[in-house]
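Have your viewer ready and try each task before reading on.

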Amino acid sequence: MVMLAGCVGSTVSPAGQKRCRVEQERDANPLIRLLNERRCRATVDQRLALKAQRQRQERADQVRRSQRETERCRQRAGAIALELRQLRQAEARLAAVRGEAYAPSPPPAPFNEAAEARFRFEDQELDRQRHGERMAVWQAREDDRRRRWHADHASRLEVAQITLNQRAAAMRQQQPDLFSGPTSIELNGTVWRRLQTCPGPDQRRSISSAAG
């Protein structure tokens, strides 16, 4: 039996021989230990190979899971960064519309009393009347122009405000704690930094450049 065990052992890898010795250390009876070690050596390399294959598969599965998680993280962070740029553009648009001011059209030149003094009184009165008529026409046009401008400005202001509100609401729905408050569009710095950073081969991978 000793010779047979030794013969079988010669075909077993060093790792398999070590594994079998470890497994049989609990057997007190030398003959039983020898028999069990012989049985162990018959299959140990196959068992070790299967175990190594399972470990390789588990590592490969873990790598794939990590890669999928990283890709999902990067896609989400990139999408949020894009939405943030659009939010800031909407914010800038609203500020620009708010900053607009009405520019009146130029009125007719003032009535030139000095120049009219060389004409007869009747002619002066006629010129004054004509000037007043031109001023009245201009004022009527200007009043209408001002009303239309303010109506258009109010409409553009409303659209800009709605656009900003909608973009902010969409981002809050996607990431409720992204902003510093329930009605604020100021970023929560801690949350934003967390969203910018995804796991990768080097453990951390910043994508802050996606925010522009």
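Predicted model: local features only at pLDDT ≥ 70, side-chain atom pairs only at ≥ 80, totals over all residues.

Residues are numbered from 1 along each chain as its sequence is written, and side-chain values use heavy atoms, leaving out hydrogens and water.

**Exercise 1.** Work out how helix α3 (residues 30-98) and helix α5 (residues 121-174) are oriented to each other.

*Solution.* Start with the axes: they are 9 Å apart, at an angle of about 155°. Therefore α3 is roughly antiparallel to α5 (over 145 degrees; under 35 is roughly parallel, 65 to 115 roughly perpendicular, the rest oblique). Next, the handedness: α3 passes α5 in a left-handed crossing (the near helix is turned anticlockwise from the far one by less than a right angle). Finally, look at who makes the contact (heavy atoms within 4.5 Å): Ile 80, Leu 84 and Leu 87 are among the α3 residues, while Leu 157, Leu 164 and Met 171 are among those of α5. The residues of this contact divide into 11 nonpolar, five polar and seven charged.

**Exercise 2.** Now do the analysis for helix α2 (residues 14-24) and α3.

*Solution.* The two axes come within 8 Å and cross at roughly 130°, so α2 and α3 are oblique to each other. This crossing of α2 past α3 is right-handed. On the α2 side, the contact includes Cys 20 and Arg 21; on the α3 side, it includes Cys 40 and Val 44. By class, there are five nonpolar, four polar and nine charged residues.

**Exercise 3.** Decide whether His 131 is buried or exposed, and find what it touches.

*Solution.* First locate His 131: it lies in helix α5. His 131 counts as buried because its relative accessibility is 12% (buried is under 20% relative accessible area, exposed over 50%, partly exposed in between, with a 1.4 Å probe and protein chains only). Not counting residues up to four places away in sequence, His 131 touches Ala 109, Pro 110 and Phe 111.

**Exercise 4.** Which residues have the most contacts inside the largest nonpolar core?

*Solution.* The core has 16 residues, and the ones to pick are Leu 87, Met 171 and Leu 178. Then trace the elements: α3, α5 and α6 (189-196) each give two or more residues, and the largest share, six residues, comes from α3. To finish, list the partners of Met 171 beyond four places in sequence: Ile 80, Glu 83, Leu 84, Leu 87, Leu 178 and Phe 179.

Definitions and conventions
Axes fitted to C-alpha atoms, helices over the stretch in contact; angles between N-to-C directions. Helix = DSSP H or I, 4+ residues; strand = E, 2+ residues; numbered from the N terminus. Nonpolar A, V, L, I, M, F, W, Y, C, P; charged D, E, K, R; others polar. Core = buried A, V, L, I, M, F, W, Y, C linked by side-chain atoms within 4.5 Å.
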